[in-house]
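Hi,

Here is the structure I promised to pass on to you.

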Amino acid sequence: MSGTFLNLSEAQNKRNRELNEEQGLTSLIEVIDGNFEDIPLEDKSVDIVWSQDAILHSGNRIQVFKEVQRVLKSGGEFIFTDPMQSDDCPEGVLQPVLDRIHLTSLGSIGFYQKIADLSGLQEVEVIDLSEQLVNHYQRILKSVEENHEKAVAASGEEYIERMKTGLNHWIEAGKKGYLCWGILKFVCQD
């Protein structure tokens, strides 16, 4: 079995190619530069699309789903995770969270279910693991605090302090139930 790895970042792709070479995986994993809003693959050429915590960064999430549907073979699976807002999140409460990652909005489980359906993808399963979002950001914050001197040396005091403030916003919003995270699985119907 082989696969294709798609990423917009040329620097990350270079590193991934180097790691594949070191591990002898170049014949199994093709690393390509590209954007998930315009996937550089043939129609109906892919069995599985996996995205991990990336769709939130798209300026056009609907287009991402259309592209996934376009490249999936009939019966192909789309599995992804994404930091999301809860479906009943009050208006405006996530602004500090959004500011940290320079976004204007987040998707939600309901939003992704709707655009999947409109894109010809059928829901198979949604596993809500929202409690893990809070655990994750608490661990990152703890690591930053425990390694404060190294973090400041690498990134600067101002950046680290903004990061800690931002992480606290994510933790607080998660504890209040405004954020969610999970694994969503859909299948291509055509």
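**What I found**

The chain folds into seven helices and eight strands; helices (H or I, at least four residues) and strands (E, at least two) are DSSP runs, numbered from the N terminus. Before you go further, keep in mind that this is a predicted model, where local features need pLDDT of at least 70, side-chain atom pairs count only at pLDDT 80 or more, and totals for chains, interfaces and linings use all residues. Residues are numbered from 1 along each chain as its sequence is written, and side-chain values use heavy atoms, with hydrogens and water left out.

**The whole chain**

Along the principal axes, the C-alpha atoms fill a box of roughly 50 × 45 × 25 Å. There are 190 residues, and 37% of them count as buried. Buried means under 20% relative accessible area, exposed means over 50%, and partly exposed is in between (1.4 Å probe, protein chains only). The chain exposes about 11,200 Å², with carbon and sulfur atoms supplying 49% of that area; the areas come from the Shrake-Rupley method with a 1.4 Å probe, and for residues only the protein chains shown count as cover.

Now for contacts, meaning heavy atoms within 4.5 Å. Take those in the chain with a separation of 6 or more: 77% of them are between residues 24 or more positions apart.

As for charge, you'll find 18 positive and 32 negative side chains, and the centres of the two sets lie 3 Å apart. Lys and Arg count as positive and Asp and Glu as negative, while His and the chain ends are not counted. Each charge is placed at NZ of Lys, CZ of Arg, CG of Asp or CD of Glu.

Zoom in on Ser86, in the loop between strand E5 (84-85) and helix H3 (95-100). Ser86 is buried, because its relative accessible area is 8%.

**Some loop residues**

Asp38 sits in the loop between strand E2 (29-33) and strand E3 (46-52). Is Asp38 buried or exposed? Its relative accessibility is 56%, so it counts as exposed. The C-alpha atoms of Asp38 and Glu67 are 6.5 Å apart, although 29 residues separate the two along the chain.

Lys44 lies in the loop between E2 and E3 and is partly exposed, at 35%. Most residues other than glycine have a negative phi. Lys44, however, has a positive phi, near 50°. Asp53 has a positive phi of about 50° as well. You can find Asp53 in the loop between E3 and helix H2 (61-71), partly exposed at 30%.

Cheers
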